[in-house]
Amino acid sequence: LGDLIVDTQQRLEEMALRSTKERILLLLVRLGETHKGNEKNGWIKINTKFTNSDLANMIGTTRESVNRMISQLRKEEKVKLLDGHFHIYPDKLKEEIY
């Protein structure tokens with residue numbers, strides 16, 4: 001129960017204090033930690049399939065904002081989408097956050 005309260009508090013802080021870009025990056029890192037699949041050369045596969053609408057609902061933003069950010073992250077080679085699964089490079093994502 002304590003972990004759930006801490007997680008909820010962190011998410012509320014993100015909503016209030018972080019930009020949309022930072023919230024998307026933090027969400028992807030968190031999903032990489034909780035839904036971790038295969039790891040290869042620094043890339044982590046997120047086992048659960050999420051749509052951009054799902055991601056937008058999780059952080060309280062629009063699907064269009066998530067689409068733009070994911071497209072940008074794919075161009076920068078920080079995120080890949082293979083067979084409907086997101087693959088993230090957490091070290092590169094964390095660099096943008098902190």
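Visitor: Before we get going, what counts as a salt bridge here?
Guide: A side-chain nitrogen of Lys or Arg within 4 Å of a carboxyl oxygen of Asp or Glu. Keep in mind that this is a predicted model.

Visitor: Okay, so how far apart are N and O in the Glu64 and Arg63 pair?
Guide: They sit at 3.3 Å, N to O, so the two side chains make a salt bridge by the 4 Å cut-off.

Visitor: And how accessible are those two, Glu64 and Arg63?
Guide: Glu64 is partly exposed at 40% relative accessible area, and Arg63 is partly exposed too, at 39%.

Visitor: How many salt bridges turn up in the whole structure?
Guide: The search finds 5. Among them is Glu39 with Lys36, whose closest N and O atoms are 3.4 Å apart.

Visitor: Is Glu39 buried or exposed?
Guide: Exposed, with a relative accessible area of 54%.

Visitor: Switching over to Glu96, what's the N to O distance to Lys78?
Guide: That salt bridge comes out at 2.2 Å.

Visitor: Which parts does that pair tie together?
Guide: Glu96 is in helix α5 (residues 90-97), while Lys78 is in the loop between α4 (63-75) and β3 (79-82), so the link joins parts 18 residues apart in sequence.

Visitor: Lys78, buried or exposed?
Guide: Buried, at 14% relative accessibility. Glu96 is partly exposed, at 24%.

Conventions: Residues numbered from 1 in each chain as written. Predicted model: local features only at pLDDT ≥ 70, side-chain atom pairs only at ≥ 80, totals over all residues. Heavy atoms only, no water. Buried < 20%, exposed > 50% of the residue type's maximum accessible area, 1.4 Å probe, protein only. Helix = DSSP H or I, 4+ residues; strand = E, 2+ residues; numbered from the N terminus.
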